[in-house]
Amino acid sequence: KLIIAIDVGSYSIKAAVFEVNARSKQISSVSKKIFNLPLSQSGDRLKDSKVTASRIREIIFNFLKELKRVPDKIVIGLDSPLAESKIETFKTSFSKRESKISKEKLDDLFNSLIGEENKKIAGAGKVILQSRPISVFINGYEVRDFKNYISGDEVTFKAFVSYLDSERANDFLIIPRMLGGIPIEFSSTIFNLGKAVADKIPGAKECSVLDIGGLYTNLIIIHSG
């Protein structure tokens with residue numbers, strides 16, 4: 001599989017092309033490039049997301065011409081100052097009739113809560129770019145090992161949520177429509193970095209990670225993996 005990964009920073013865009021062997025899951029790098037971003041700024045907020053989105057489209061089209069292959073997936077990572085990330089808590093209750101809760105039910109419930117949150121923040125001109133549950137609590141107790149079903153009547157999700165201004169979101173969300181057919185995933189580079197360190201590096205279940213950027217430095221604390 002061919003994957004294009006794009007990391008949008010404060011002053012530059014870093015792009016890499018990877019080949020992933022489906023059987024061995026081995027990853028090999030095909031190409032890496034860095035592009036400067038001529039962005040105007042207003043205080044701490046990058047002003048012109050249209051310039052950034054246009055540059056991303058240009059990078060993707062150039063890669064497609066160069067590779068002469070259609071990638072299986074394109075991942076675009078957005079963080080501060082374009083996107084704002086937070087750890088949020090969402091709480092809800094089950095009906096008394098639901099004595100057994102499956103993992104699928106929890107997944108549906110989380111997606112439903114995120115959908116409701118998106119509707120709430122639409123009035124404030126924001127949209128959720130990415131949401132991932134970090135931990136789940138049933139009746140106040142954290143669930144670590146999920147087997148088949150679990151019992152309880154109250155569920156709390158602790159989740160990583162990345163927000164984007166609606167206006168900026170429209171500039172970026174037009175990219176998949178222009179590339180019709182190629183799956184494009186928008187995500188947080190910070191979240192992916194934290195997850196990769198916890199998953200891939202032995203002994204990194206308890207650690208801190210510093211990501212030093214041009215305008216922002218992010219500190220990631222990894223606890224119990």
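The structure is a predicted model, in which local features need a pLDDT of at least 70 and side-chain atom pairs count only at pLDDT 80 or more, while totals for chains, interfaces and linings use all residues. Residues are numbered from 1 along each chain as its sequence is written, and side-chain values use heavy atoms, with hydrogens and water left out. The pLDDT, the predictor's confidence in each residue from 0 to 100, averages 85 over the chain, and 92% of the residues score at least 70. Over residues 40–46 pLDDT stays under 50, and where pLDDT is low, the predicted coordinates should not be read in detail.

The count of salt bridges (a side-chain nitrogen of Lys or Arg within 4 Å of a carboxyl oxygen of Asp or Glu) comes to 10. E84, K86 and K126 are linked in a network of salt bridges, in which E84 meets K86 at 3.8 Å and K126 at 3.0 Å.

A nonpolar surface patch of about 460 Å² is made by L210, I212, L219 and I221, with β14 (207–212) and β15 (217–222) each supplying at least two of its residues. Patches are made of residues with over 30% relative accessible area (Shrake-Rupley method, 1.4 Å probe, only the protein chains shown counting as cover) and no salt bridge, nonpolar side chains (Val, Leu, Ile, Met, Phe, Trp, Tyr) being joined within 5 Å and like charges within 9 Å.

Conventions. Contact = heavy atoms within 4.5 Å. Helix = DSSP H or I, 4+ residues; strand = E, 2+ residues; numbered from the N terminus.
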